[in-house]
Amino acid sequence: MTQVVPEAPTPAELREIALTRAEYESATAQLGRTLNPLELGMLGAMWSEHCSYKTSKPLLRQLQSTGARVVLGPGENAGVVDLGGDLLCCFKIESHNHPSAIEPVQGAATGVGGILRDVFAMGARPVALLDAIRFGDLDQSLQRHRFARVVEGIGFYGNCIGVPTVGGETYFDSAYSENCLVNAMCVGLAERSQLVRAVASGPGNPVMLVGADTGRDGIHGATFASVQLDDSAEERRPAVQVGNPYLEKCLLEACLQLCGHPALVGLQDCGAAGLTSSCAEMAHRGGVGIEIDVARVSRRERGMSPYQVMLSESQERMVLVVERGQEDAVRRIFDRWDLHSDIIGRVIAEPELRILDGLEQVATLPLGILVDGFAERRPPSRRPSDLDSRLAPDPLSSPAPWSPEESWLRLLGSPNCGETRWIFRQYDHQVGDDTVRGPGGDAAVLRIKGRRDGLAMTVDGAHRSAALDPRRGTALAVAEAVRNLAVVGAEPLALTNCLNFGDPDQSEVMWQMEEAVGGLADAALAFGIPVVSGNVSLYNDFQGNGIPPTPMVGLVGQVPSVAVSAGLGFRAAGDLIYLIGPAGVELAGSEYQRLAQGTATGTPPRLDVAAELAAAAAIRDLVRGSVLSSAHDCALGGLAVTLAESCIAGGLGAIVESPLAPPSPAPTGWAWGVLFGETSGRYLISVAPDQISRLAAVCQGHGVPVLKLGVVGGSSISIGGLAEIGLVAAAQASSGALVNLMERG
Amino acid sequence: MPTDNRHRYIAEVVVTLKPVVNDPQGLVVTQALHALGYPEVGATRVGKFISLDLEGAEESQVRSRVDEMCRRLLRNGVIEDYRFQLRRAEP
Amino acid sequence: MAVRFGIAVFPGTWSERDCSHAVSLAGGESTLLWHADRDLKGSDCVVLPGGFAHGDYLRAGAIARFAPLMDAVAEHARAGGLVLGICNGFQILCEAGLLPGALLRNRGLQFLCQPTWLRVETVSTPFLAELEIGTTLEIPISHGEGRYYADPTTLAQLEAESRVALRYSGPSGELADRYNPNGSLHQIAGILNEQRNVLGMMPHPERACEPLLGSEDGLALFAGVVRGLVAAGR
């Protein structure tokens with residue numbers, strides 16, 4: 001240990017590593033001494049919000065993660081559920097928002113790379129990717145550019161590595177102009193015997209670093225005047241890493257070959273805070289310590305300091321703990337894939353992270369302090385003072401700027417409701433030969449070779465309702481995800497979530513977090529869905545302008561038989577169209593309101609969990625019993641847009657009645673409220689005439705309201721007395737929604 | 001590290017599409033430049049730059065080896081042309 | 001003895017298992033061939049599957065073509081053995097000179113994953129022997145560099161010798177620019193070598209072998225090989 005006693009860091013130095021003075025003093029008090037710059041850097045990284053979750057942890061404890069099918073809950077690289085027959089499903093969603101705003105292609109790409117590693121670090125082969133992305137309005141060229149580059153980045157990584165991108169959600173709103181969102185979800189499969197934990201054990205066991213060389217990527221603000229960090233005169237600190245999906249493919253194959261091998265003790269991917277967090281977390285979980293010699297780490301650049309080696313976030317690296325004596329067997333696996341594997345250290349009995357540089361010991365930190373020594377934060381929270389005035393108005397009383405027909409076509413032709421083919425044709429959604437239902441539907445369905453059952457998955461984000469009422473808006477997102485699985489005949493197994501917020505040091509944002517997490521916890525519990533993994537992204541804020549609360553819900557379910565499902569498009573003229581769930585008339589928080597009125601006002605739609613559960617069960621039974629010709633979740637754009645989507649997908653028109661008769665007197669916006677309102681818990685289905693009695697029986701059995709609306713056929717789409725548009729006009733509007741904006745340059 | 005009579009060289013190779021091959025990327029770049037206010041740009045062709053840090057004894061030998069590398073791997077003779085510059089570098 | 005397909009695996013290949021699955025649906029058996037080995041393990045038909053061999057770095061297939069396995073594949077082809085190159089496999093065959101021409105970046109500059117129709121142009125090859133000229137097959141593409149290019153002399157020769165195997169077309173076989181997803185010259189989706197034992201194609205027939213996944217039009221290519229070899233007393 002160096003004999004020089006380090007001075008206390010200056011405020012600027014603390015700011016660089018995002019530690020408060022109080023945190024610094026707590027660390028030194030717990031340690032009984034000051035920290036040298038390397039130790040301080042490592043502590044700062046581990047105590048950062050991203051690694052420690054110090055602000056979110058107190059809230060996330062509310063989330064229930066137990067269930068009969070849960071194998072591993074939050075706290076691991078990814079959540080794991082049991083599919084039966086010794087097959088496990090492993091999945092998680094994670095954000096990569098800030099890097100994507102800086103360099104959209106590589107930011108998005110490395111986000112995909114990171115989530116893939118989280119899944120194969122468990123020993124699971126990734127079988128699907130989904131992405132939830134948000135940008136500002138596309139009439140601005142910067143937003144078009146960012147959106148196009150993020151899609152390019154997702155495709156670049158996913159296509160090269162050979163994992164299909166089967167679903168996602170894309171949404172445009174000026175609230176995301178400064179802070180785009182890129183949340184990537186990955187689903188993988190593992191035989192039970194393949195499952196690996198990120199745990200170190202067995203003092204004396206070697207620690208290996210495999211994959212890419214370590215460079216200076218991703219180290220932020222690592223400067224201390226008192227210590228020279230860099231041998232070269234110029235400090236090079238690239239903020240964004242460049243992904244190498246080819247290397248990760250090789251890494252994936254090598255790691256999967258290794259999982260289940262007796263030589264492997266533990267496996268962890270190298271992500272945020274690099275080697276520091278991988279080693280610290282693995283050791284802490286195992287109740288042991290790890291000693292690393294930075295001189296043994298393969299580097300991509302010359303003159304890297306121990307600080308840079310320990311904090312580098314170079315991509316495509318994994319840390320392994322191997323049974324002593326078995327290093328060669330492990331080496332051979334990595335050699336075959338042309339990947340180098342360095343023994344960089346060993347497991348030790350003392351529960352500390354000890355860093356050597358050759359013969360010199362340069363840092364030592366007890367793991368109890370490094371990993372758990374931070375204090376949880378409870379910043380003040382305050383309900384926005386203007387909230388009541390925003391909830392009070394009734395959007396139905398506002399005059400509508402456009403006729404019902406024009407509103408309908410505008411919605412269909414808007415990027416949030418229109419066809420998304422421009423996006424998903426850039427993603428390989430079929431590699432693996434298991435995609436039964438890919439992008440463009442309500443949920444994706446994957447078959448599992450050798451089995452009858454299959455996986456269903458969706459990712460759904462909260463929309464404008466969450467800006468008005470974060471608790472309810474988040475719960476509504478959970479309900480939507482459940483409905484999206486129901487229409488493909490799937491029962492939800494478990495949930496992953498990515499919670500995106502602004503700056504929690506603003507008391508209103510802290511309130512939003514409390515409300516949203518509470519809403520998620522309540523809804524997941526009420527729906528009986530365990531929360532097995534997740535991620536929080538805070539500080540999505542630019543100069544005081546933060547994003548609205550944006551929780552994303554990733555839901556994975558199981559279908560008993562992949563051979564049976566119904567798509568969302570109408571199938572035959574003469575089929576009868578029904579609405580399952582409540583008829584409604586409201587506009588608060590709707591997409592129509594966003595387009596027509598700009599701001600979100602009013603009270604968001606109610607959530608009736610009991611009714612949602614019954615309706616979802618009925619829809620599942622109907623789909624599985626092959627009763628339905630089509631089934632579509634009623635979401636953004638309400639009944640009118642949902643109906644038009646089913647018509648366009650099927651190439652068939654429809655003639656339906658309004659589900660409600662107008663009251664007398666009717667509010668100004670009543671017709672628009674019926675057409676475009678986003679009342680929750682609704683499905684639009686169609687059945688052949690000979691299936692009507694089965695439909696009625698199933699719905700009655702579940703106590704679910706079913707309302708006949710009309711019939712499939714013709715060349716127009718009409719909702720009796722309210723609006724009528726041509727099928728061709730609707731299809732053109734929808735297919736042009738993204739294409740027209742994106743291909744004009 | 002170069003030793004004895006071996007020197008360090010830098011070969012800078014430029015690989016371009018043959019003139020007869022259509023280059024949509026070049027077209028898009030031209031359009032983008034026009035949109036940014038550079039109407040004076042006519043045709044644009046987009047190629048590849050490859051820098052090789054190598055060692056060798058005598059320049060003509062090194063030149064001939066680099067030429068071979070280009071022909072065998074760095075360019076596809078069906079669709080691409082190449083040229084390169086070679087210079088001595090500090091060890 | 002079952003007809004054996006040897007499926008090459010380069011670092012970065014990812015559709016070897018998809019091809020294995022298609023082969024088994026067609027009644028054949030498959031074995032994987034590692035790029036660094038020269039052993040074809042007695043394969044009747046070698047398949048170079050889709051993927052991003054060596055990341056497609058430098059050019060798609062540029063590095064893979066130098067793999068030791070490719071020496072064995074070239075010899076197998078010279079001796080009349082069957083070779084099927086799919087997507088990245090087609091790119092590797094062109095880089096290796098086993099097929100003429102080259103694959104360039106899609107003219108729209110975007111990666112495209114979508115269904116296409118392919119018109120069968122010749123059946124004088126075991127891969128297409130089960131089909132009829134003019135039949136259309138619905139088979140998906142999934143590539144960023146699928147634009148086929150060859151110089152005018154080569155193109156003329158391909159056409160004159162009926163070595164264009166498959167062309168991008170409309171659902172009824174109509175040829176038009178709007179059915180050409182990537183700008184390939186002459187709407188070429190797949191070609192044959194002079195001996196007609198090597199077929200390279202950009203679309204993925206292994207993804208079109210089951211109605212559950214959308215189309216089973218691709219199965220005929222694998223089944224054609226199996227039945228052809230069985231009939232030949234293999």
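Reader: What pattern does chain B follow when read along the sequence?

Author: In this predicted model, chain B follows β-α-β-α-β along its sequence. Its secondary structure comes to two helices and three strands.

Reader: How do you know how chain B stands against a compact globule of 91 residues?

Author: A compact globule of 91 residues would have a radius of gyration near 12 Å, whereas chain B has 17 Å. The C-alpha atoms of chain B fill a box of roughly 55 × 30 × 15 Å along the principal axes. Buried residues make up 31% of the 91 residues in this chain. Among the contacts in chain B between residues at least 6 apart in sequence, 75% join residues at least 24 apart.

Reader: Why is B:Val62 called buried?

Author: The relative accessibility of B:Val62 is 4%; buried means under 20%, so B:Val62 counts as buried. B:Val62 has its place in helix H2 of chain B, residues 59-74. Beyond its neighbours within four places in sequence, B:Val62 is in contact with B:Tyr9, B:Leu54, B:Gly56, B:Ala57 and B:Leu86.

Reader: What makes a set of residues the largest nonpolar core, and which of its residues have the most contacts inside it?

Author: Its members are buried residues of the nonpolar kinds, joined through side-chain atoms within 4.5 Å. The largest such core has 74 residues, and A:Phe147, A:Met318, A:Leu320 and A:Phe334 have the most contacts inside it. Helix H9 of chain A, residues 245-258, gives the most to this core, with nine residues. A:Met318, leaving aside its neighbours within four places in sequence, is in contact with residues including A:Phe120, A:Met208, A:Leu251, A:Cys255 and A:Leu267. Apart from this core lies another, of 71 residues, among them C:Phe10, C:Cys45, C:Val73 and C:Val83.

Reader: Why is C:Phe90 called buried?

Author: The relative accessible area of C:Phe90 is 0%, which is under 20%, so C:Phe90 is buried. C:Phe90 lies in helix H3 of chain C. Setting aside its neighbours within four places in sequence, its contacts include C:Gly85, C:Leu99, C:Tyr148, C:Gly190 and C:Met201. C:Phe90 and C:Gly190 are 100 residues apart in sequence, yet 8.3 Å apart in space from C-alpha to C-alpha.

Reader: How do you know that strand S9 of chain C is mostly covered?

Author: Six of the six residues of S9(C), residues 164-169, are buried. S9(C) is joined to strand S6 of chain C, residues 112-120, by four bridges, and these two strands run antiparallel. Three bridges join S9(C) to strand S10 of chain C, residues 188-192, again antiparallel. At least two bridges are required for two strands to pair, so S9(C) pairs with S6(C) and with S10(C). C:Leu166 of S9(C) is the bridge partner of C:Val120, and C:Leu166 also stands opposite C:Gly190 in S10(C).

Reader: Which residues of helix H2 of chain C are buried?

Author: Among them are C:Leu69, C:Met70, C:Val73 and C:His76. The buried residues of H2(C) pack against strands S1, S2, S3, S4 and S11 and helix H3 of chain C. Just after H2(C), C:Gly80 takes a positive phi of about 95°.

Reader: How do you know which chains touch, and what of chains A and B?

Author: Two pairs of chains touch, and the most contacts are between chains A and C. No contact joins chain A and chain B, whose closest C-alpha atoms lie 8 Å apart.

Reader: What confidence does the predictor give the complex?

Author: The complex has an ipTM of 0.96 and a pTM of 0.94. Chain C averages a pLDDT of 96, and 100% of its residues score at least 70.

Note on methods: Residues are numbered from 1 along each chain as its sequence is written. Chains are lettered from A and ligands numbered from 1 in the order in which they are written. This is a predicted model: local features need pLDDT of at least 70, side-chain atom pairs count only at pLDDT 80 or more; totals for chains, interfaces and linings use all residues. Side-chain values use heavy atoms; hydrogens and water are left out. Buried means under 20% relative accessible area, exposed over 50%, partly exposed in between (1.4 Å probe, protein chains only). Contact means heavy atoms within 4.5 Å. pLDDT is the predictor's confidence in each residue, from 0 to 100. The radius of gyration is taken over C-alpha atoms; the globule rule is 2.2 Å times the number of residues to the power 0.38.
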